[in-house]
Amino acid sequence: MASLMDELLATMSSEQEGYQKLIDISDSKKNAIIHGRVDELTDINAVEQSIADELKELEKKRLRVLKDMAVVTGHDNEEVTISSMIDMLDKQPVEQKKLI
């Protein structure tokens, strides 16, 4: 279970980084649109698509890890959410804090 938790935390951290990249790139995109720099906008859109593809794969991985955690804990796949994992880790405050 600990390795699954580590994998879940790493995946969620990577997702957070990916979403932050999208936020960061939005200013560049806005400026390219305002100044009519079509070539730059095309490049930015390609980067955005690449990040979106990575995020899609990370989401699949996160869902797979949650499904594996459901099997290990004997819960229904639909019952295992980040919130329920926080509750399950009430005796492991370090891991619990990482999810919050």
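**Exercise 1.** In this predicted model, work out how far apart D68 and R64 are along helix α2, and which contact D68 forms with R64.

*Solution.* 
- Start with the sequence: D68 and R64 are four residues apart in helix α2, so about one helical turn separates them.
- Now check the charged atoms. The closest N and O atoms are 3.3 Å apart, and D68 forms a salt bridge with R64; the cut-off here is 4 Å.

**Exercise 2.** Find the residue with which E57 forms a salt bridge, and say how the two sit in helix α2.

*Solution.* 
- The partner is K60, with the closest N and O atoms 3.5 Å apart.
- E57 and K60 are three residues apart in helix α2, so the separation is about one helical turn.

**Exercise 3.** Which parts does the salt bridge between E48 and K29 tie together, and is E48 buried or exposed?

*Solution.* 
- Begin with the distance: the closest N and O atoms of E48 and K29 are 2.8 Å apart.
- Then place the residues. E48 lies in helix α2 (residues 38–73) and K29 in helix α1 (residues 2–34), so the pair ties together parts 19 residues apart in sequence.
- Last, accessibility: E48 has 18% relative accessible area and is buried, because buried means under 20%. K29, at 23%, counts as partly exposed.

**Exercise 4.** How many salt bridges does a search of the whole structure find?

*Solution.* The search finds six, among them the E48–K29 pair.

Conventions
Residues numbered from 1 in each chain as written. Predicted model: local features only at pLDDT ≥ 70, side-chain atom pairs only at ≥ 80, totals over all residues. Heavy atoms only, no water. Salt bridge = Lys/Arg side-chain N within 4 Å of Asp/Glu carboxyl O. Buried < 20%, exposed > 50% of the residue type's maximum accessible area, 1.4 Å probe, protein only.
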